[in-house]
Amino acid sequence: MHWPSTPVEHLAAFQPSFCPRRECPEHRRTSPGYRFFRHGVYASRRRFRVPRFLCLTCRHTFSRQSFAVSYYRKRPELMHPVAAGLVAGSAHRQIARSLGCAPSTVTRLAARLGRHAMLLLARALGELEGCVEEPFVLDHFETFEFTQDYPFGVATAVGSGSWFVYGLDPVRACGAGSTVRRLHAPRPRGLASSRATGPGAGHPRRRASRL
């Protein structure tokens, strides 16, 4: 499996293999032969001489940072400590306090790291297709989102010998919170109108005066 061990930001002789724009026909290119021109360089406060490129198909420009995991990040140095805190099981606010940033920053970084982890897992599973010989161990982890009224479980298939996670299968669980929501749910309008039939059914005082 081709997975770069060196960050893109540290590659001096970087050459793009496809166009980063989704609407470009060369965005999904997997074979060599992508045509581009070098389009100068630019510098930022944290990086010096970042090369730019020109796609010869869509005629749009892009830089080396378009292929980096720290793309459009004001504080790219937070990537590694946030990842370490998430692996250790720390909460987002706890990580934010220790790193001196906002909790929303940790949340956005967690989402970006999660997308890259899903990409790595998908590529690894593609390489392992038809080659797995070890037995699986299935573990079911139950937790909740937002409040305990919304429980869900995550089935995790792990290799017994390699400890490789072969997949995650989240499913919404039905707990006691669903019963509470049904008890406190507003009554449908159709049910109230079906019970109130006849003249003066919607006015209790009028019915009492007639009796």
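Let's start with Phe14, a residue that is buried, with a relative accessible area of 10%. The label applies because buried means under 20% relative accessible area. Keep in mind as you look around that this is a predicted model.

Which partner does Phe14 have? A search of the whole structure finds 10 aromatic pairs, and in one of them Phe14 sits with Phe53 in an edge-to-face arrangement. Their ring centres are 6.0 Å apart, with 65° between the planes. Phe53 has 0% relative accessibility, so Phe53 counts as buried.

Now move along to another pair, Phe136 and Tyr166. Here the ring centres are 4.6 Å apart and the planes meet at 40°, so this pair is tilted. Again, distant parts of the chain are linked: Phe136 is in strand β4 (residues 136-144) and Tyr166 is in strand β6 (residues 165-172), 30 residues apart. Are these two residues buried or exposed? Phe136 counts as partly exposed because its relative accessibility is 48%, whereas Tyr166, at 14%, counts as buried.

Finally, go back to where we began.

Terms used: Residues are numbered from 1 along each chain as its sequence is written. This is a predicted model: local features need pLDDT of at least 70, side-chain atom pairs count only at pLDDT 80 or more; totals for chains, interfaces and linings use all residues. Side-chain values use heavy atoms; hydrogens and water are left out. Rings of Phe, Tyr and Trp (its six-membered ring) pair if their centres lie within 6.5 Å; planes under 30 degrees apart count as stacked, over 60 as edge-to-face and the rest as tilted. Buried means under 20% relative accessible area, exposed over 50%, partly exposed in between (1.4 Å probe, protein chains only). Helices (H or I, at least four residues) and strands (E, at least two) are DSSP runs, numbered from the N terminus.
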